[in-house]
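Please read it alongside the sequence and the coordinates.

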Amino acid sequence: MSGLIDSHCHLTSEALWPQADEVIARATAAGVTEFVTIATDLEDAERVSQLAARHSCVHMVCGIHPHEAGKVADGWDRALSDLAARTDVYAVGEMGLDYHYDYADRPSQLRVFRRQLEIATEVNKPVVIHCREAHNDVIGVLHDFPGLRGVVFHCFTGTLIEARDILDQGYWLSLTGVLTFKRSDELREVAWLLPVNQMMIETDSPYLSPEPLRSVRPNEPAHLVHTASCLARIRGITVEGLTALTRSNTQRFFGLPERGTP
């Protein structure tokens, strides 16, 4: 079964974990057949591992979210390194810097970010970047790690200038339902300039429901079809063509298996 791949979702979040099996079933019925599921800390990674063991369509990524950077315990990096080395873990992240909320102090965010990049380099896995109001600092840190296998800025909602800067480094962007919002004209410009072989889409569920479901909470991977339709219109291709394109790109970036089934 081939359909859309949600390249970034949180199926083990508080909002979705109790109904994760049903969420996957609804998504599959809607044409979203694989799920790159992100663990935001080591405890969350255990839940993602359980879910991936039940569903071969769930692909695990694990890391320490910047919001959690101030809470890590001694030995966290050894535990993450062991996880990241597993063959069923496809990337390290999401990691990065968040200067909007500052839920963790900035020195802790930077320290944990750098250590995760070291781990990703050691295990030769791509990284998933969280960047909010911290573009220059994130780019500066990434410059110190030129050997990374791949870098994607997930849930990109920045400016056209920032997008060009990211793409000029050879990094990727992934787009969410924010693309569908009425006031997202600049983001739609970004979507137009994305290299055809570097486009990925995601829900970031349970957050950021797309139009026409913006008021629906929680967001679910099934809703990815609306973002796909929007991006297909922007790029002037069919939804089927967009599905095949983003599926191939996502498989290639993460090194996913050819197919996944619920």
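1. The model is predicted: local features need pLDDT of at least 70, side-chain atom pairs count only at pLDDT 80 or more, and totals for chains, interfaces and linings use all residues. Residues are numbered from 1 along each chain as its sequence is written, and side-chain values use heavy atoms, with hydrogens and water left out.

2. Helix α3 covers residues 76–84, and its buried residues are W76, D77, L80, S81, L83 and A84. Down the axis of α3 these fall within an arc of 160°, so they line one face of the helix. The arc is taken over the directions from the helix axis to the C-beta atoms. R78 and D82 are exposed on the face turned away from the buried side. Here buried means under 20% relative accessible area, exposed over 50%, and partly exposed in between, with a 1.4 Å probe and protein chains only. Helices (H or I, at least four residues) and strands (E, at least two) are DSSP runs, numbered from the N terminus.

3. The buried residues of α3 pack against α2 (42–54), β3 (58–62), β4 (89–98) and α4 (106–123), contact meaning heavy atoms within 4.5 Å.

4. In α4, the buried residues are S108, Q109, V112, F113, Q116, L117, I119, A120 and V123. Their arc, seen down the axis of α4, is within 165°, so they too line one face of the helix. P107 and E122 are exposed on the other side of α4. The cover over the buried residues of α4 includes α3, β4, β5 (127–132) and α5 (135–142).

5. The largest nonpolar core has 72 residues, among which L142 and F153 touch the most other members. Such a core is a set of buried Ala, Val, Leu, Ile, Met, Phe, Trp, Tyr and Cys residues joined through side-chain atoms within 4.5 Å. Not counting residues up to four places away in sequence, L142 touches F113, L117, I129, L148, V151, F153 and Y171. A second, separate core of 13 residues includes A91, M200, F254 and L256.

6. The whole structure holds four aromatic pairs. Rings of Phe, Tyr and Trp (its six-membered ring) pair if their centres lie within 6.5 Å; planes under 30 degrees apart count as stacked, over 60 as edge-to-face and the rest as tilted. Y101 and Y103 are stacked, at 5.0 Å centre to centre and 20° between the planes. Y101 is partly exposed, at 39% relative accessible area, and Y103 is exposed, at 56%.
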